Amino acid sequence: MEILFQNLDLFIFIVLMTLGYSAGTWAEKKHYRSIKKREQELLKMAVVTAEGSFPDDRIAKAELVSGSVVVSIDYFKRLLAILRNIFGGRVRSYESLVDRARREAILRMKEQAKEQGAGMIINMRLETSTIGRSANKKKRVGSIEAIAYGTAIVMNQA
Amino acid sequence: MKFTPKHLDNNVNVSKSHPLTELLWLIGGLILIAGSVFFLLGVTTNWAAEKIPVRVENWLGGLALNEFPAEKSQALQQRLNALLAVIPAESPLHDYNFTIYRAATEDVNAFALPGGRIVVFDGLLAQVESENELSMILAHELGHFAHRDHLRGLGRGLGLAVASILFLGENNSASNLISKTLLTFQVKYSQDQESAADQFGVDLLTARYGHAGGATTFFERMSEEAGSKIPYILASHPHPENRIKALNERVKQKKYPVKQTLSLAETLTIPQ
């Protein structure tokens, strides 16, 4: 017990690390399951980055749709990234965060378009930004924001 | 062009490697780097210990003393000064401004810190029975200074603390832990260093009193009690019996006379 109190810093570090790893992995797996399921559901909704051109009488409605999401890093991912700062190389622990954020943003945009009754989204754009600069520093929370936006097209029934 | 919706199962944007495998590789690399730095520091410290000027050492010692809460002792200082008076004038020991401290700790030990600081534990003073024994212990510590063991011991601890601060940042819990543990552990010397300091001690003791009486009596009592009160001193020092043997050989070889020891003066009050 005494050893525990003497090295309280280290103990807290290990607890946060274990918590970060287990909670982070659980959240990530859950998120990916949800992403895959919803992607399958919205598969019919076409999303393209092209501007597209349609005859005027074919289009009933064209509207801006957007979806954005913020995903936080966990303690374990941050430790891996800090170690990467020493050795260099791909920051693998952050790759899944960026992937999740972008796919989730596109999904939310698609969901919004579906509510409008649209069949497709054209001119889709995707942007990423960080919230909380210098996230690798002590006592800073780092997270990623991704926003997807495009033009939802509702066609006239031919 | 016909649009065919299709779901792609393979995700190329996320690496397939397991995060724990990555952690192991990275930490392994870090340990390897820290290990080689530690090794290099050990080599360079040994080399540099001979060459560090006493002025730099005094400054280092001020930092190290903060780790050991202790008070200056006038009674011990007088005995130390008497020993210093008989050291040959050309000795580098005269560059030091020696200060002696007493620490209220039960452990049977004494040690040398950079900058001419000697710390004696009350536990050791309680075991001392004569003036000659006390002088022998002080002379032994002076031997560490003469051979610059105190710098060798402290150097790597300091070096590792510096290295961990470089890698992990100041005020980091890990680097604090490393510097704390190493500063205390590394103050212990190797058995060879202890034997060399013993030889220096017995020479100085003879110079002080004109005979080598009391050089071994302290260790003889330690030897009888070995295993009970003094596991601490045994860990870093040679076994008392080996020390007595080595000291007796020295006395015989140098033909030092052995006479009656002086009993301990009243001025040195020892809390029991």
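In the predicted model, Glu28(A), His31(A), Ile35(A), Arg38(A) and Glu39(A) of helix α2(A) meet Ser96(A), Arg100(A), Arg103(A), Glu104(A) and Leu107(A) of helix α4(A). Charged residues number six in this contact, alongside two nonpolar and two polar ones. Helix α2 of chain A spans residues 8-41, and helix α4 of chain A spans residues 92-115. Their axes come within 11 Å and cross at roughly 35 degrees. The crossing of α2(A) and α4(A) is left-handed.

From α3(B), the contact draws on Arg79(B), Leu80(B) and Leu83(B). From α5(B), it draws on Leu134(B), Ser135(B), Leu138(B), Ala139(B) and Leu142(B). By class, six residues of this contact are nonpolar, one is polar and one is charged.

The two chains also touch each other. Chain A gives 19 residues to the contact, and chain B gives 17 residues. On the chain A side, the elements that supply two or more residues are α2, α3 (75-87) and α4.

Helix α11 of chain B was considered on its own. It runs over residues 240-254 and has 15 residues. From the first C-alpha to the last, α11(B) reaches 21 Å, close to the 21 Å expected at 1.5 Å a residue. Its buried residues are Pro240(B), Arg243(B), Ile244(B), Leu247(B) and Val251(B). Seen down the axis of α11(B), the buried residues fall within an arc of 100 degrees, so they line one face of the helix. The other side of α11(B) carries exposed residues, namely Glu249(B), Lys252(B) and Gln253(B). Just after the helix comes Lys255(B), which takes a positive phi of about 60 degrees.

Conventions. Residues numbered from 1 in each chain as written. Chains lettered and ligands numbered in written order. Predicted model: local features only at pLDDT ≥ 70, side-chain atom pairs only at ≥ 80, totals over all residues. Contact = placed C-beta atoms within 7 Å. Helix = DSSP H or I, 4+ residues; strand = E, 2+ residues; numbered from the N terminus. Nonpolar A, V, L, I, M, F, W, Y, C, P; charged D, E, K, R; others polar. Axes fitted to C-alpha atoms, helices over the stretch in contact; angles between N-to-C directions. Left-handed = near helix turned anticlockwise from the far one by under 90°. Expected span 1.5 Å × (residues − 1). Buried ≥ 20, exposed ≤ 12 C-beta atoms within 10 Å, placed from the backbone. Arc of directions from axis to C-beta.
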